[in-house]
Amino acid sequence: MTTPSRTDERSPALHAADSHDMIRVHGARENNLKDVGIEIPKRRLTVFTGVSGSGKSSLVFDTVAAESQRLINETYSTFVQGFMPNLPRPEVDLLDGLTTAIIIDQQPMGSDPRSTVGTATDANAMLRILFSRLGQPYVGPPNAFSFNVATVRASGAITVDKGSKSKAEKATFTRVGGMCPECEGRGQVTDFDLTQLYDDAKSLAEGALTIPGYTMEGWYGRIFMGSGFLDPDKPIRDYTGEELDALLHKEATRVKVDGVNVTYEGLIPRIRKSFLSKDREAMQPHIRAFVDRAITFTDCPACGGTRLSEAARSSKIGGVGIADACAMQISDLAAWVRGLDEPSVAPLVANLADTLDSFVEIGLGYLSLNRPSGTLSGGEAQRIKMIRHLGSSLTDVTYVFDEPTIGLHPHDIQRMNDLLLRLRDKGNTVLVVEHKPELIAIADHVVDLGPGAGSDGGTVCFEGTVGGLRASATTTGRHLDDRVGLKEEVRTPSGALEVRGADAHNLRGVDVDVPLGVLVAVTGVAGSGKSSLIHGSVAGRDGVVAVDQSAIRGSRRSNPATYSGLLEPVRKAFAKANGVKPALFSANSEGACPECKGAGVVYTELGVMASVAVTCEECEGRRFQAAVLEYRLGGRDISEVLEMSVSEAEAFFGSGEARTPAAHRILRRLDDVGLGYLHLGQPLTTLSGGERQRLKLATRMGEKGGVYILDEPTTGLHLADVEQLLGLLDRLVDAGKSVIVIEHHQAVMAHADWIIDLGPGAGHDGGRVVFEGAPAGLVAARSTLTGEHLADYVKG
């Protein structure tokens with residue numbers, strides 16, 4: 001091997017190419033940013049801090065990362081751009097020095113019931129190839145092991161051109177798939193409770209159908225009434241067997257109703273397509289309630305819940321089938337794969353083993369590849385997205401993370417820190433939006449936004465080192481070393497919820513009494529069984545209100561007023577005060593501006609380029625008809641009310657002419673969770689992750705119940721806001737409620753009256769109660785990982 005000779009010449013002091021060592025942002029005005037100008041060092045770890053709603057995500061995701069992605073998309077041809085999402089240019093004067101941005105956010109991985117941890121990563125694809133090469137007996141190519149591919153057979157005549165002649169030949173086509181034909185690859189079959197679908201004492205004309213959305217005035221009802229297959233005036237209990245089969249099971253058939261060609265389909269196949277094609281967590285609340293009430297899900301008897309055909313299950317490597325491999329804990333599967341000694345597939349085995357090791361390294365070794373991706377928490381989904389980047393050879397890339405410590409026990413945060421530093425040390429720029437002091441401490445550069453949230457934020461309060469932040473007078477700097485001490489006296493339980501023999505997922509026949517009338521913290525490393533215990537054995541009981549981590553979905557028409565249910569009593573108050581219909585005071589109904597349809601802006605589509613949004617000239621962005629704005633309540637019209645902040649509206653609806661107790665109660669809850677600065681009409685799409693979490697918490701707190709379950713309520717909360725959350729939890733308990741909090745934050749643990757700690761590890765190393773008692777006992781014993789970290793925390 002020869003190496004080229006080189007002349008050792010002295011290089012200039014600074015090459016022109018080396019001068020681009022900063023990402024420069026000038027005049028950023030996205031959402032609540034106020035002409036922000038900063039310089040972000042490249043190939044360093046920069047952490048963005050500030051209270052929830054201060055503008056961190058607007059600067060990092062909606063400005064820097066969004067513009068990088070937009071510019072990359074513009075490098076493709078206009079034909080390709082036509083198939084890509086149109087990204088508008090952020091509101092910013094200058095962005096310079098950008099590199100390719102890879103965004104690793106908290107968005108759920110998707111709620112398709114066919115999606116699993118294995119299919120969402122490369123692991124399943126590599127396993128299928130492995131079994132197609134080594135599995136005995138041989139059953140087919142990789143698709144033969146895929147539960148998303150059905151076996152298809154076809155035969156018929158084809159025309160073959162041979163020279164100047166054409167000849168018809170018979171051809172047969174077969175595609176071998178691994179899908180279980182009974183459950184169609186879903187792993188579960190459904191059983192319908194017919195009493196929840198219709199009232200058999202009524203006829204269709206009398207409104208017999210009790211399925212959400214199936215009114216006789218709507219299209220579904222008109223199709224059933226006018227199909228000709230059913231007598232609309234006969235009670236369903238009097239139907240013949242043929243009529244009942246047509247109502248419930250008839251396959252899709254074209255019929256003419258009211259002169260329109262439509263498709264008639266029985267209730268059960270229609271429900272399967274419209275409701276059950278989505279993951280349960282992605283359903284609207286009333287649809288989810290109906291599905292829970294009317295449909296029972298059980299493991300498919302044909303495949304045992306594996307989703308695979310009999311042939312795919314029969315092929316094994318050393319006695320292990322692909323269904324067995326996907327059901328293994330990933331840490332165990334990695335060891336099994338590394339034990340395969342077959343030179344013909346050595347590169348594949350090495351690649352698969354590296355991917356599985358990445359799961360373990362990132363703290364997800366307790367998962368299995370057959371875990372549905374819709375059941376993953378936001379933190380787990382974010383860490384799975386990291387896996388494909390850990391071994392990447394790319395450098396000079398900008399990695400953007402949104403609170404990567406979400407869902408992580410203090411024991412696991414050091415591992416996350418090491419991964420972020422590895423990405424940086426490979427020559428990448430790492431931008432992290434974060435609240436945890438443990439991660440802020442490793443930053444090379446810190447940008448603190450604030451000073452407040454919403455309209456009170458949007459400015460840079462501090463730029464510099466962690467030491468400089470700690471010495472600064474900013475909100476983050478003052479609270480960086482905050483510690484919550486253990487209570488001197490804890491509350492006495494008023495009773496207990498008994499859990500006996502809990503065995504969901506990795507739980508090992510857990511018996512525990514969850515105290516009532518106190519603040520209970522359920523702790524343990526990620527994957528230790530906390531959610532399995534509480535959501536599996538406590539949630540769902542009468543009087544229990546569970547606030548989980550599922551995402552709030554909302555369009556630009558959704559806002560805090562609509563999501564929280566506030567708009568309903570407000571509309572009724574306006575209608576009563578002015579003697580008109582409530583629907584006039586909805587921008588999505590009769591009161592909408594006819595020009596912009598209640599959106600407030602008019603969108604112009606420009607093909608492959610971003611749509612242009614212009615404020616509606618008719619309503620001047622107020623979304624309502626001019627006639628509606630003449631109606632007033634307490635001297636304000638409906639558009640002025642929606643421009644109010646929560647705090648303003650709380651005072652407005654709390655007394656005087658506009659006094660509306662129902663609205664005031666909702667506003668007080670919003671203020672209690674720290675959202676007093678939000679505007680009632682602010683689109684949900686502009687809210688940060690932490691703001692959405694607290695909006696959901698405030699809304700669910702309005703439900704009647706004696707026990708509240710909160711799943712990591714500190715998600716997205718700044719250090720300064722944790723104290724307010726603890727005050728809210730105390731008020732709930734003092735009002736006679738029982739509060740159970742699944743939490744990793746040491747401040748919540750220290751403030752609890754009782755701790756149930758699960759572990760000692762994750763996956764099959766967890767699933768047991770390793771401590772239950774007062775926090776002081778856990779600190780004194782230091783017998784668990786949680787106890788060690790809590791003891792270090794309270795000592796400061």
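Reader: Is Val 641 buried or exposed?

Author: This is a predicted model. The relative accessibility of Val 641 is 1%, and the cut-off for a buried residue is under 20%. Val 641 therefore counts as buried.

Reader: Which helix holds Val 641, and which residues does Val 641 touch beyond four places in sequence?

Author: Val 641 has its place in helix H21, residues 638-642. Leaving out residues up to four places away in sequence, the residues touched by Val 641 are Val 570, Phe 574, Arg 636, Phe 652, Phe 653 and Leu 680.

Reader: How far apart in space are Val 641 and Gln 136?

Author: In sequence, 505 residues separate Val 641 from Gln 136. From C-alpha to C-alpha, the distance in space is 70 Å.

Reader: What kind of peptide bond joins Gln 136 and Pro 137, and where is Pro 137 found?

Author: Omega is about 0° for the bond between Gln 136 and Pro 137, and the bond is cis. As for its place, Pro 137 is in the loop between helix H4 (123-134) and strand E6 (152-162).

Reader: What is omega for the cis bond from Gly 759 to Pro 760?

Author: Pro 760 sits in the loop between strand E26 (754-759) and strand E27 (768-773). The cis peptide bond that leads from Gly 759 to Pro 760 has omega near 5°.

Reader: What is phi for Asn 31, and how is Asn 31 classed by accessible area?

Author: Asn 31 is in the loop between strand E1 (22-28) and strand E2 (36-41). Its phi is positive, about 50°, although Asn 31 is not a glycine. With a relative accessible area of 40%, Asn 31 is partly exposed.

Reader: What are the corresponding phi and accessibility class of Glu 184?

Author: The loop between strand E7 (165-175) and strand E8 (188-192) contains Glu 184. Glu 184 is not a glycine, yet has a positive phi of about 55°. Its relative accessibility is 46%, and Glu 184 counts as partly exposed.

Reader: Is Gly 579 buried or exposed?

Author: Gly 579 belongs to the loop between helix H20 (567-578) and strand E22 (601-606). Its C-alpha atom is separated by 53 Å from that of Trp 754, 175 residues apart along the chain. The relative accessible area of Gly 579 is 66%, and the cut-off for this class is over 50%. Gly 579 is therefore exposed.

Reader: Which residues is Ile 413 in contact with, beyond its neighbours within four places in sequence?

Author: Ile 413 lies in helix H14 and counts as buried at 3% relative accessibility. The C-alpha atoms of Ile 413 and Gly 363 are 9.6 Å apart in space, with the two residues 50 apart in sequence. Once neighbours within four places in sequence are set aside, the contacts of Ile 413 are Thr 405, Leu 408, Lys 436 and Glu 438.

Reader: How much space lies in the second largest pocket, and which residues are closest to its centre?

Author: The space in the second largest pocket is about 480 Å³. It is lined by 20 residues, and the closest to its centre are Pro 437, Glu 438, Arg 483, Gln 746 and Tyr 793.

Reader: Which elements give two or more residues to the lining of the second largest pocket, and how do the lining residues divide?

Author: The elements are helices H14 (410-425), H15 (437-440), H25 (719-734), H26 (746-751) and H28 (785-795). By class, the lining of the second largest pocket divides into nine nonpolar, five polar and six charged residues.

Reader: How much space lies in the largest cavity?

Author: Five cavities of 30 Å³ or more are found in the whole structure. The largest cavity has 19 lining residues, and nearest its centre lie Glu 403, Lys 436, Thr 714, Thr 715 and Gly 716. Its lining has six nonpolar, eight polar and five charged residues. The space in the largest cavity is about 150 Å³.

Reader: Why is the protein chain as compact as a globular protein of its length?

Author: There are 28 helices and 27 strands in the chain. For 796 residues the globule rule gives 28 Å, and the chain is as compact as a globular protein of that length because its radius of gyration is close to this, at 30 Å.

Key
Residues numbered from 1 in each chain as written. Predicted model: local features only at pLDDT ≥ 70, side-chain atom pairs only at ≥ 80, totals over all residues. Heavy atoms only, no water. 1 Å grid on protein atoms, 1.4 Å probe; cavity = no way out; pocket = protein on both sides within 12 Å on 5 of 7 lines; lining within 4 Å. Points joined across faces, edges and corners; volume = space filled by probe spheres on them. Helix = DSSP H or I, 4+ residues; strand = E, 2+ residues; numbered from the N terminus. Nonpolar A, V, L, I, M, F, W, Y, C, P; charged D, E, K, R; others polar. Rg over C-alpha atoms; globule rule 2.2 N^0.38 Å. Buried < 20%, exposed > 50% of the residue type's maximum accessible area, 1.4 Å probe, protein only. Contact = heavy atoms within 4.5 Å.
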